[in-house]
Amino acid sequence: MTAADLSALLISLREGTEMAIIVGILLAYLRKVGARGAGWVWAGVIAAVAVSLSFLGILNALGATFEGTMEQVFEGTTMLLAAVFLTWMILWMLRNARFLKGELQRGLDQALARGAGTWGLFLLAFFAVVREGVELALLLFAAPGEGKLVGAVAGLAGAVAVGVLIYAFGRRIDLQTFFRVTSALLVLFAAGLVAHAAHEFAEAGVLAAVEGPKLWSTKGVLPDSDGVGSVLRALFGYQDEPSVIEVVTYLGYLALVWLLARMRVLSRAASAVAWRA
């Protein structure tokens, strides 16, 4: 498995687990209330997967049409977009993960109450899954490196296994720890995307004026093109000869995420206090 496969595995495992949990919640609740419609849920999931794969195909087709400077700008832009979506997802989960099950169940209740137990279930499953699927496609495309298929398949297989263990066999899995650890890893991954995007923009001349010199070199000890260095590059954006703009954007992103997470935690605590009052 290549370094690029490892980053694809991490992304696919995290996003795929979220999708597996969503599908599991929908199917389990339908079974609990004795309602039919599991087939429509699966139809929505399949449609969401098809849209996500189509989106990934469009990104690959667009990327193949650009060359030189435009290719660097396109890659840098997709990396920034991927980092924004990934950051939003992590912060959203930080605040709303505990409400996800209730929201999905309320959506099912509303669909069943309206008599929309067919298309209503389809649309609920589709929109719940396609958000994660499109985000996964964007992240896989933006992740540095080539040949990420093996890692993506392995990650999704692991996510399916988690879903089966929880909802088919009733196994208890510490998902809170899982999401906490993967969120921390994905924040570092997103920081690497931001720094790599800055590098692409600098090479394209967009940030040439502020790129600055190389701050240090660890190429002789830990090159980012081979071995452990390549793994660190794929997962966390490690550079053996980073420029000023790459270091600034990397650390600046981490500081921004810490601040936003802190504000969300404080906001959630304030809301809980107000609710109790």
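Is Arg233 buried or partly exposed? Arg233 is partly exposed, because its relative accessible area is 23%, and on our scale buried means under 20% relative accessible area, exposed means over 50%, and partly exposed is in between, with a 1.4 Å probe and protein chains only as cover.

Hi everyone, a word on the ground rules. This is a predicted model, where local features need pLDDT of at least 70 and side-chain atom pairs count only at pLDDT 80 or more, while totals for chains, interfaces and linings use all residues. Residues are numbered from 1 along each chain as its sequence is written, and side-chain values use heavy atoms, with hydrogens and water left out.

Let's take the overall picture. The chain has 8 helices and 0 strands, so its pattern along the sequence reads α-α-α-α-α-α-α-α, where helices (H or I, at least four residues) and strands (E, at least two) are DSSP runs numbered from the N terminus. Of its 277 residues, 44% count as buried. The accessible surface comes to about 14400 Å², and 68% of that belongs to carbon and sulfur atoms; these areas come from the Shrake-Rupley method with a 1.4 Å probe, and for residues only the protein chains shown count as cover. As for contacts (heavy atoms within 4.5 Å), take those with a separation of 6 or more: 81% of them join residues 24 or more positions apart.

Now, the inside. A nonpolar core is a set of buried Ala, Val, Leu, Ile, Met, Phe, Trp, Tyr and Cys residues joined through side-chain atoms within 4.5 Å. The largest one here has 60 residues, and among those with the most contacts inside it are Ile11, Leu26, Leu86 and Tyr253. Helices H1, H2, H3, H4, H5, H6 and H8 each supply at least two residues of this core, and H6 gives the most, with 13 residues. Which residues does Leu26 contact, leaving aside its neighbours within four places in sequence? They are Val41, Leu104, Leu108, Leu124 and Ala125.

H1 has 31 residues and reaches 45 Å from its first C-alpha to its last, close to the 45 Å expected; the expected span is 1.5 Å times one less than the number of residues. Because 23 of those 31 residues are buried, H1 is largely enclosed by the rest of the structure. After H1 comes Gly34, with a positive phi near 70 degrees. H2 has 28 residues that should span 40 Å, and its end C-alpha atoms are 41 Å apart, so the two values agree. Buried residues in H2 include Val41, Gly44, Ser52 and Gly63.

Next, the charged pairs. A salt bridge is a side-chain nitrogen of Lys or Arg within 4 Å of a carboxyl oxygen of Asp or Glu, and by this rule there are 4. One of them joins Arg14 and Glu18, at 2.8 Å from N to O. Those two are 4 residues apart in helix H1, which means about one helical turn separates them, and both are buried. Another links Glu132 and Arg131 at 3.2 Å, N to O. Glu132 is buried, with a relative accessible area of 3%, whereas Arg131 is partly exposed at 32%. And the partner of our opening residue? Arg233 meets Asp224 in a salt bridge of 3.6 Å, N to O, and Asp224 is buried, at 12%.

Let's move to the surface. Leu256, Trp258, Leu259, Leu260 and Met263 form a nonpolar patch with about 520 Å² of accessible area together. Patches are made of residues with over 30% relative accessible area and no salt bridge, with like charges joined within 9 Å and nonpolar side chains (Val, Leu, Ile, Met, Phe, Trp, Tyr) within 5 Å. Leu259 is in helix H8 and is partly exposed, with a relative accessible area of 42%.

Leu156 is in helix H5 and partly exposed at 34%. Its C-alpha and that of Ala8 are 9.7 Å apart, although 148 residues separate the pair along the chain. Beyond its neighbours within four places in sequence, Leu156 contacts Ser12, Gly16 and Leu136. Ile173 lies in the loop between H5 and H6 and is partly exposed, at 35%. Not counting residues up to four places away in sequence, Ile173 touches Val162, Leu165 and Ile166.
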